[in-house]
Amino acid sequence: MRNAAETRERIKQAAERVRQEHPLAPSITNAVTMEFVANAQLAIGGSAAMVYLADEGEAMAEAAGAMYLNMGTILPLYEASMPRTVRCLAGQHKSWVLDPVGIGVGGLREKLLRSFRQEKPGIIRGNASELIALARLWELDAGTAETAVCGVDTTQSVAEARQAAMSLARWTGGAVAVSGKEDLVTDGETVFLSAGGSPFMTKITGAGCSLGGVMAVYACCAEPFIAAAASVALYNLAGERAEKDAPGPGSFRQQFIDELYLATPEEIAGWPFKLDT
Ligand SMILES: Nc1ncnc2c1ncn2[C@@H]1O[C@H](COP(=O)(O)OP(=O)(O)OP(=O)(O)O)[C@@H](O)[C@H]1O
Ligand SMILES: Cc1ncsc1CCO
Ligand SMILES: [Mg+2]
């Protein structure tokens, strides 16, 4: 079980390093939220680059500190570019974040997600329904929860996905982050729980995708559990602040990017969380 004071200190160090080093975390990600992912990565101090093609994925894997792969809008060319990018990252012992958006829809998405079982992403990030579905696809213990994935939004609670998240993290040896009203991050042993954010985050598209992109930036400077926890703390803080003066989701979205930019490493590390087993 991890220690809260040490976790806070390491979150602060990760946020400081990102601000100083501007690490590059390229993405192969969906066409819906690509721009929002890049803006969030830039706002926290990172660098962004989005690609589609296999040779470009490999080139980015060479240049990257870590990468973000999101399954949201699958194209035929991903059949080559995603596996080749992942193999290149593995060859260089670099971490990557997998966001299994839309799991359950279509054959190529399922084929790619199945193949990633052996590739063991450093961080898996998704909503509750997506992570329950992934644990089932990989034939890991998902507890008693049934798969109820429907489109890209969750139909299940974070608590229902806890066992699936633990099983996935034990399989990969990395971290798994489940987003929702209260977010959960686990390394398969310690469970980090943190609330905050805003209901407006479910009324804009890409809060989850950009959270994954931000995790990839932090993963350039920290181990998976710390990178995921730092990102969750920052999102809960920035979401809560952005909601204050926002009458609706449009202005919330704009204010949210500002709050990502304004949050200091001390504030991110100081955001409330609890550790559990
Ligand atoms: N009811 C809520 N109250 C507060 N914050 C929330 C709520 N639901 C989600 N969030 C926050 O929104 C962010 C994205 O989580 P969500 O579960 O909506 O991701 P997602 O479904 O993958 O989103 P998308 O696919 O649209 O990018 C997280 O930071 C999470 O904490
Ligand atoms: C709405 C939507 N459709 C495919 S990806 C995406 C972004 C949220 O995951
Ligand atoms: Mg999502």
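Helix 8 and helix 9 are oblique to each other, an orientation class left over once angles under 35 degrees are called roughly parallel, over 145 roughly antiparallel and 65 to 115 roughly perpendicular. Before we go on, note that this is a predicted model, in which local features need pLDDT of at least 70 and side-chain atom pairs count only at pLDDT 80 or more, while totals for chains, interfaces and linings use all residues. Residues are numbered from 1 along each chain as its sequence is written, and chains are lettered from A and ligands numbered from 1 in the order in which they are written.

Two packed helices are described by the angle between their axes and the distance between the axes. For helix 8 and helix 9 the angle is about 135 degrees, with the axes 8 Å apart; axes are lines fitted to C-alpha atoms, for helices over the stretch in contact, and angles run from 0 to 180 degrees between N-to-C directions. Helices (H or I, at least four residues) and strands (E, at least two) are DSSP runs, numbered from the N terminus. The crossing of this pair is right-handed, meaning that the near helix is turned clockwise from the far one by less than a right angle. Helix 8 brings L211, V214, M215, Y218 and A219 to the contact, and helix 9 brings P224, A227, A228, A230, S231, L234 and Y235; two residues are in contact if their C-beta atoms, placed from the backbone, lie within 7 Å. This contact has 11 nonpolar residues, 1 polar and no charged. Here Ala, Val, Leu, Ile, Met, Phe, Trp, Tyr, Cys and Pro count as nonpolar, Asp, Glu, Lys and Arg as charged, and the others, Gly among them, as polar.

Let us follow these helices to ligand 1. There are 25 residues around ligand 1, and S179, G197, M201, G208 and Y235 come nearest; a residue is near a molecule if its C-beta atom, placed from the backbone, lies within 6 Å of it. Strand 4 (123–127), helix 8 (207–219) and helix 9 (224–243) each give two or more residues to this shell, and helix 8 gives the most, with 4 residues. By class, the shell has 8 nonpolar, 14 polar and 3 charged residues.

R125 lies in strand 4.

Around ligand 2 you will find N30, V32, T33, G72, T73, V101, G102, V152, T205, G206 and C209. That shell divides into 4 nonpolar, 7 polar and no charged residues.

Two further helix pairs are worth a visit. Helix 2 (residues 34–43) and helix 10 (residues 249–262) have axes that come within 8 Å and cross at roughly 30 degrees, which makes helix 2 roughly parallel to helix 10. N39, A40 and A43 of helix 2 meet I257, L260 and Y261 of helix 10.

Helix 3 (residues 54–63) and helix 4 (residues 78–91) also have axes that come within 8 Å, crossing at roughly 25 degrees. Their contact divides into 5 nonpolar, 3 polar and 3 charged residues.
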